[in-house]
Amino acid sequence: MATRRASSVLSSLPSSGALLSRTSRTNAFLLGRCISTGQPKKVNVQSLVEADSGAVGTKFYHLSNTALLVAAPLALFLSPSPLTFPVDLFLGVAFPVHGHIGINYIISDYVPRASRPLARYVLLGATTVTLLGLLKLNLSGPGLTETFKSLWRAEKKEEA
């Protein structure tokens with residue numbers, strides 16, 4: 001049924017340069033299809049650099065927003081326990097990727113067109129370094145949640 005619906009939606013799309021109706025664009029997005037060809041979308045390096053331009057990035061951005069809304073307080077509640085480790089790993093990936101896509105929206109809106117490629121590649125480098133740093137913190141350090149909670153812990157005074 002989904003295949004029949006997908007083909008009917010895509011066949012109803014205009015082939016000329018005319019504007020697509022909002023319903024047609026929404027249906028094509030929800031079906032995960034490229035509006036022009038009807039083929040499944042492919043993720044490549046350019047889609048990582050321009051993370052705000054594709055439907056996959058936008059969809060991940062919105063889903064990660066909801067997931068982070070649940071996972072961040074959950075991690076604080078579970079800490080310290082062995083259950084915190086998988087949540088810390090998720091947060092260590094989701095925070096940088098969510099921020100990368102969000103800052104790409106800012107670059108699209110406020111950076112001059114000529115400077116955008118450089119800004120996007122610098123952002124990709126910063127996101128990669130952040131992702132690797134949080135991964136190291138989670139795998140060989142106390143973890144993201146414990147590090148965050150240590151900001152509010154009183155320092156231990158050593159008696160001489």
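The pLDDT is the predictor's confidence in each residue, on a scale from 0 to 100. The structure described here is a predicted model, and its chain has an average pLDDT of 79, with 72% of the residues scoring at least 70. Among the elements of the chain, the lowest mean pLDDT, 49, belongs to helix α1 (residues 2-11), and the highest, 95, to α6. Over residues 1-7 the pLDDT stays under 50, and the model shows two contacts beyond four places in sequence for this stretch. The pLDDT is also below 50 over residues 16-20, a stretch with five contacts in the model beyond near neighbours in sequence.

Helix α6 (residues 116-140) packs with α5 at an angle of about 170°, the two axes lying 10 Å apart. Because angles over 145 degrees count as roughly antiparallel, α5 is roughly antiparallel to α6. Residues of α5 that make the contact include Phe-85, Leu-89, Val-93, Pro-96, Ile-103 and Ile-107, while those of α6 include Leu-123, Leu-124, Leu-131, Leu-134 and Leu-135. By class, the residues of this contact comprise 13 nonpolar, seven polar and three charged. Among the charged residues are Asp-88 of α5 and Arg-116 and Arg-120 of α6.

Helix α5 spans residues 84-110 and contains Thr-84. The relative accessible area of Thr-84 is 5%, so this residue is buried. Leaving aside residues up to four places away in sequence, Thr-84 touches Ala-75, Leu-78, Ser-79 and Thr-145. With Ser-79 there is also a polar approach: a polar atom of the Thr-84 side chain lies 3.5 Å from the backbone nitrogen of Ser-79.

How values were computed: Residues are numbered from 1 along each chain as its sequence is written. This is a predicted model: local features need pLDDT of at least 70, side-chain atom pairs count only at pLDDT 80 or more; totals for chains, interfaces and linings use all residues. Side-chain values use heavy atoms; hydrogens and water are left out. Helices (H or I, at least four residues) and strands (E, at least two) are DSSP runs, numbered from the N terminus. Buried means under 20% relative accessible area, exposed over 50%, partly exposed in between (1.4 Å probe, protein chains only). A polar contact is a pair of N or O atoms within 3.5 Å; within protein, one must be able to donate a hydrogen and the other to accept it, and residues adjacent in sequence count only if both atoms are side-chain atoms. Contact means heavy atoms within 4.5 Å. Axes are lines fitted to C-alpha atoms, for helices over the stretch in contact, and angles run from 0 to 180 degrees between N-to-C directions. Angles under 35 degrees count as roughly parallel, over 145 as roughly antiparallel, 65 to 115 as roughly perpendicular and the rest as oblique.
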